Amino acid sequence: MLVVELKFSGDENVYNMECTPRSNAISLTIYNKILPPSCEFCFVFTGYKITEDQVKAWLQACAPKLPCKKARYTEFSLIAEELALVRQNVALQKLPEGWFFNGTQYVSLVGKKQLEHPLF
């Protein structure tokens, strides 16, 4: 059994939380003892043969898991619909200096013509 005294932010009461690992039972009751004045934020653990490593492992198990890093997108990793969406978003962006759209093609001032947006 693991017993912890804790206080929630915005609440005046200190609570006594008891956790029984084998049954996954948790009970929460108001703690009636006064904490020392120097103890603004603290955890008090009491139990039989509880080690610091066990407490650390228990607290780390309560923490949310970090999200996995996503792979960067490449031209070859995108499906056709995603690639079309990227092309559509690029087509809405302002053309770089020296480029204009004649209605069917993108044309540069030096005479280069292409069907795709110059930024794509």
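This report walks through a predicted model of a protein, from its overall makeup to a few residues near the end of its chain.

## Overall makeup

The protein contains two helices and seven strands. Along the sequence, the pattern reads β-β-β-β-α-α-β-β-β.

Of the 120 residues in the protein, 15% are buried. The accessible surface is about 10,600 Å². Carbon and sulfur atoms supply 58% of that surface. Now take the contacts in the protein with a separation of 6 or more: 28% of them join residues 24 or more positions apart.

## The β5-β6-β7 sheet

Three strands form an open sheet. Their order is β5-β6-β7, and the pairing is antiparallel. Strands β5 (99-101) and β7 (113-114) stand at the edges. Each has a single partner strand, so one side of each lacks a neighbour in the sheet.

Strand β6 covers residues 106-108. β5 and β6 pair in the antiparallel sense, over three bridges. In this pairing, W99 stands opposite S108 of β6.

Is S108 buried or exposed? S108 is buried, because its relative accessible area is 6% and the cut-off for buried is under 20%.

Which residues does S108 touch, leaving aside its neighbours within four places in sequence? The contacts are G98 and W99.

## The aromatic pair

How many aromatic pairs does a search of the whole structure find? The search finds one. F101 and Y106 form this pair, and the pair is tilted. The ring centres are 4.7 Å apart, with 50 degrees between the planes. The pair counts as tilted because planes under 30 degrees apart would be stacked and those over 60 would be edge-to-face.

F101 is partly exposed, with a relative accessible area of 42%. Y106 is buried, at 11%. The labels follow because buried means under 20% and exposed means over 50%, with partly exposed in between.

## The segment after β7

H117 is found in the segment after β7. This residue is buried, with a relative accessible area of 5%.

P118 counts as partly exposed, at 22% relative accessibility. Leaving aside neighbours within four places in sequence, P118 is in contact with L95, P96, W99 and Y106. P118 and W99 are 19 residues apart along the chain. Their C-alpha atoms are separated by 8.0 Å.

## Links between the parts

Note on methods:
Residues numbered from 1 in each chain as written. Predicted model: local features only at pLDDT ≥ 70, side-chain atom pairs only at ≥ 80, totals over all residues. Heavy atoms only, no water. Helix = DSSP H or I, 4+ residues; strand = E, 2+ residues; numbered from the N terminus. Buried < 20%, exposed > 50% of the residue type's maximum accessible area, 1.4 Å probe, protein only. Contact = heavy atoms within 4.5 Å. Phe/Tyr/Trp six-rings, centres within 6.5 Å; stacked < 30°, edge-to-face > 60°. Pairing = 2+ DSSP bridges. Areas by Shrake-Rupley, 256 points an atom, 1.4 Å probe, with all protein chains shown as cover.
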